[in-house]
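Work through the exercises below with the sequence and the model side by side. Try each task before reading its solution.

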Amino acid sequence: MELSQFLQNVLNGLAIGSVYAIFALGYTLVFSILGIINFAHGAVFTLGAYFTYTLVVGQFENNGLLKGINLFPNGSPLSGNPAVFALATLIGAVVAGLVAVLIERLAFRPMRARGAEPLLALVSSLGVALVIVNLIQLLVGAEIYNFPSDAYGQVQPALSFHIGDRVVIVRTVQLIIFAVSLVMLAVLGYVIGRTKVGKALRAVAENPGTASLLGISVDRFILITFFLSGFLGGLAGTLVGTAFGVAGPYFGVTYGLKGLAVIVLGGLGSIPGAVVGGLVIGLAEAFVPAQYSAYKDAVAFALLFVILLVRPQGLLGRAQIQKV
Amino acid sequence: MTAVSTERATVLEARGLTRRFGGLVAVNDVSFDVREGEIFGLIGPNGAGKTTLFNLMTGLTPPSSGTLTYRGHNVTGLAPHRIAALGISRTFQNIRLFRALSALENVKIAQHVRTGAGLWAGVFGTARAEERRVEERAWALLDLVGLADRAGELAANFSYGDQRRLEIARALATEPRVLLLDEPAAGMNTAEKGQLTAFIREVHDRFDLTVLVIEHHVPLVMNLCDRVAVLNFGQLIAVGDPGAVQRDPKVIEAYLGGE
Amino acid sequence: MSGFLEQYGFLIVTMVQAGLLGLSLYFPLQAGQLSLASPGFYALGGYVAAIMLTNPAFSGLRDTLGNGMFPLTWLVAALLCGLLGLFVGVPALRLRGIYLALATIAFVEILRVVSLNLAVTGGAIGIFGIPQAFGFQDRWQYLWLFGPLLLLTLLFARQLERSRVGRAFRAIREDELAADAMGVPPTRYKVLAFVIGAVLAGIVGAMSAPFLNTWNAKQGTFDASIAILAFVLIGGSRNIWGPVVGGALLTAIPEVLRFLADWRLIINGLVLVVASLYLPQGIVGALQGVRRPPPPRRPPSVPAVVEAPGGGA
């Protein structure tokens with residue numbers, strides 16, 4: 001493989017891998033604190049993308065209840081330069097976080113209160129996902145929505161640089177994704193590692209019973225975790241939507257499934273694991289040779305299967321010692 | 001009280017059993033013999049490694065090094081069900097009954113290794129004779145522990161003391177020659193402890209078993225056991241006749257400041 | 001009567017089908033294994049039948065066997081799914097809980113992507129023009145196939161429950177370690193439960209291919225895994241009728257609500273949420289919860305004294 005092709009693959013892989021990582025972080029946060037997989041995460045991801053679209057474009061032409069509505073006939077105030085676009089993204093992510101909190105309140109908390117079997121929480125979160133995704137479809141239709149190319153201002157769509165006589169292209173949107181992922185990771189790492197809130201979150205994840213005895217309001221921290229998880233999910237959704245278009249209300253499903261592969265590969269409940277897992281899968285997908293590109297989607301699951309057989313605790317997870 | 005005969009065969013032989021968990025050495029180079037038909041006690045302060053030693057002997061945890069021989073077979077690192085098939089059965093410190101199943105079911109299940117009906121025999125109903133035997137034997141064992149009148153009750157609903165008896169009945173259902181009891185008297189009052197001691201003796205005599213008992217309550221052990229081994233920080237510090245062990249200065253030192 | 005069957009035949013067959021798929025998840029669940037692999041085996045079974053019934057390579061066999069081809073497809077599907085179940089199950093069932101569920105999800109996805117890309121499975125379009133089984137003219141006639149299969153499966157399940165193998169499953173489900181210590185080999189029985197589920201799903205798939213006329217990768221998706229899980233959890237996971245009731249109901253509800261058109265799936269989702277909240281034991285569990293099981297009867301010939309064991313090493 002030529003160097004330029006290699007570099008291109010690495011760049012593409014890191015870009016998509018960063019998105020996987022951000023998305024998986026949301027999954028892993030909830031898993032580390034509740035020990036369950038929140039299947040509504042993919043729906044929150046989708047919601048984030050759609051909501052940011054609403055803020056930045058606000059035009060719905062596809063077949064849905066809101067067909068024909070144009071919120072910003074003169075262009076959205078949140079479109080046109082990087083700063084306001086960032087603001088729109090942030091708002092979209094916050095809304096996603098709030099929806100996640102709502103989901104926790106409506107679907108998860110009552111289960112906890114009844115001491116229900118964890119499997120039921122899974123089914124419940126799936127029901128929620130179904131509701132959200134189909135509500136979106138009902139409102140704005142199932143076809144693709146694209147962000148206009150000037151949404152974040154008059155920026156070059158891509159940078160290119162030359163290696164020998166070949167060109168390697170870095171799309172601006174990929175750079176944005178890198179930057180956002182790094183920032184998110186740093187912020188999250190700081191919050192969880194250095195702040196009192198983070199310490200409390202870790203305590204609740206470690207042992208909710210003890211944590212509550214120590215005066216930590218477990219419910220409140222679960223809410224905070226869900227908010228963060230939804231925020232990250234919505235953020236990832238917006239990034240994907242900006243880069244590839246919002247391909248219909250079901251586009252979160254593939255990410256939802258791949259997200260599972262990411263967190264298992266990295267180690268369930270491990271935050272650095274989510275990042276490592278995401279990047280590994282992103283890179284693996286990018287290096288799939290062109291003639292097998294149809295099998296790209298299977299790469300994540302093949303990796304998932306292999307890691308489960310070889311090292312179920314994942315790359316960065318701790319081996320579970322069974323207490324007898 | 002049977003006299004301890006030095007002519008009795010060795011039924012279990014532990015040599016250099018060691019188990020490490022990361023940096024922690026839970027069981028450290030433990031070697032001892034258990035003779036056929038004796039009641040062998042295992043005592044030591046909390047955290048001394050007694051349960052881990054049981055786990056090593058019953059296949060729940062593989063040893064980091066060392067060997068275990070049972071009637072001349074090397075059984076080191078065998079899976080628990082293989083060890084049960086060979087005739088070693090046990091109860092658990094924290095009681096691990098099948099809680100959502102009835103007492104009768106618990107005892108029936110443990111007869112698995114002595115029966116042989118496969119999938120098709122079960123589906124086509126051709127194992128009726130075996131099923132009847134399993135059923136009868138289960139009831140008989142429940143009679144033995146006095147729980148037959150509550151055969152259909154869920155194991156989780158029994159009192160603590162009754163659960164311990166049920167667990168012993170279940171262990172007996174595997175038709176063992178060696179029975180390992182992990183703190184069978186925990187949580188019992190003096191009267192109950194006395195009853196349990198008598199019960200263990202009865203079971204030992206009736207079924208011609210070799211019994212190993214982990215116990216905290218030293219008087220119970222002294223009363224019941226033919227020989228005693230003392231573990232401290234994973235190491236064997238004394239083995240022998242209960243009286244002698246009790247007077248051993250190393251043992252006294254290990255327990256000083258403890259219970 | 002015939003008007004009713006014509007109108008609702010398809011729906012009724014689909015309800016029975018759903019019940020059978022629910023049972024294919026029920027068997028591994030009996031041994032405590034949450035396997036979401038059924039749609040994968042269902043899809044595989046369907047592809048086996050579709051290929052055997054349409055691919056030119058088998059035309060000679062089709063001419064020789066005539067209608068006998070159909071039962072042959074069920075047999076081949078059962079064998080193939082059993083083998084694949086063994087192959088996948090042995091390594092995967094060393095995992096517990098959510099890890100196993102995830103491994104089975106991965107399995108289904110891999111199968112789906114592979115089937116989308118192979119020529120023999122018709123790629124993304126799939127296989128169409130699958131002939132009607134036994135020359136059936138109406139959809140409801142498939143009840144002659146699915147109905148007996150359901151009854152046989154229920155009978156099998158009931159017998160299994162009362163047998164030594166069924167007890168082994170329950171022990172493993174309750175406490176795998178204690179079961180092991182009491183002489184029940186966990187891996188062997190977990191794999192057996194998994195393979196039974198796989199074979200059942202495969203047979204259902206093979207029967208469904210002619211029923212649906214076409215077969216493609218959409219038959220084996222993650223959505224289907226979750227739908228089947230819902231059948232079992234909502235219907236009741238501790239009783240053989242649970243998956244059947246759950247499957248029938250959750251298939252019928254969207255149909256009954258057809259008039260709600262686009263709101264249909266939203267209602268479906270809400271049903272899942274509400275049912276998991278208020279029916280934690282499932283419908284059958286809730287119905288049964290009121291009645292206590294009768295106490296076991298003591299057999300007349302219990303020995304007065306338990307004999308000392310002759311067994312052991």
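Buried means under 20% relative accessible area, exposed over 50%, and partly exposed in between, with a 1.4 Å probe and protein chains only. Helices (H or I, at least four residues) and strands (E, at least two) are DSSP runs, numbered from the N terminus. The model is predicted: local features need pLDDT of at least 70, side-chain atom pairs count only at pLDDT 80 or more, and totals for chains, interfaces and linings use all residues. Residues are numbered from 1 along each chain as its sequence is written, chains are lettered from A and ligands numbered from 1 in the order in which they are written, and side-chain values use heavy atoms, with hydrogens and water left out.

**Exercise 1. Burial of a helix**

Task: How many residues of helix α7 (residues 164-174) of chain C are buried?

Solution: Take the 11 residues of the helix and apply the cut-off. 10 of them are buried, so the helix is mostly covered. Next, name them. Among the buried residues are the arginines R164(C), R167(C), R170(C) and R173(C). V165(C), F169(C) and I172(C) are also on the list.

**Exercise 2. The B–C interface**

Task: Describe the interface of chain B and chain C: how many salt bridges cross it?

Solution: Start with contacts, meaning heavy atoms within 4.5 Å. 54 residues of chain B touch 42 residues of chain C. Then take the buried area, the accessible area (1.4 Å probe) that two parts lose on being put together, summed over both. It comes to about 4000 Å², with 64% on carbon and sulfur atoms. Last, search for salt bridges: a side-chain nitrogen of Lys or Arg within 4 Å of a carboxyl oxygen of Asp or Glu. The interface has 4. In one salt bridge D175(C) meets R96(B), at 2.9 Å from N to O.

**Exercise 3. Salt bridges inside chain B**

Task: Which residue forms a salt bridge with D208(B)?

Solution: The partner is R177(B), with the closest N and O atoms 3.7 Å apart. Now place both residues. D208(B) is in the loop between α7 (190-207) and β8 (210-214), and R177(B) is in the loop between α6 (160-173) and β7 (178-182). The pair links distant parts of the chain, 31 residues apart. R177(B) counts as buried because its relative accessible area is 16%.

Compare E202(B) and R206(B), whose closest N and O atoms are 3.3 Å apart in a salt bridge. Both lie in helix α7 of chain B, 4 residues apart, about one turn. An α-helix has 3.6 residues a turn, so residues three or four places apart point the same way. E202(B) is partly exposed at 35%; R206(B) is partly exposed at 31%.

A further pair is R150(B) with E153(B), at 3.5 Å. R150(B) is partly exposed at 24%, and E153(B) is partly exposed at 25%.

**Exercise 4. A glycine in chain A**

Task: Is G237(A) buried or exposed?

Solution: Locate the residue: G237(A) is in helix α8 (residues 218-244) of chain A. Its relative accessible area is 0%, so G237(A) is buried. Then list its contacts, leaving aside neighbours within four places in sequence: F45(A), A49(A) and F251(A).
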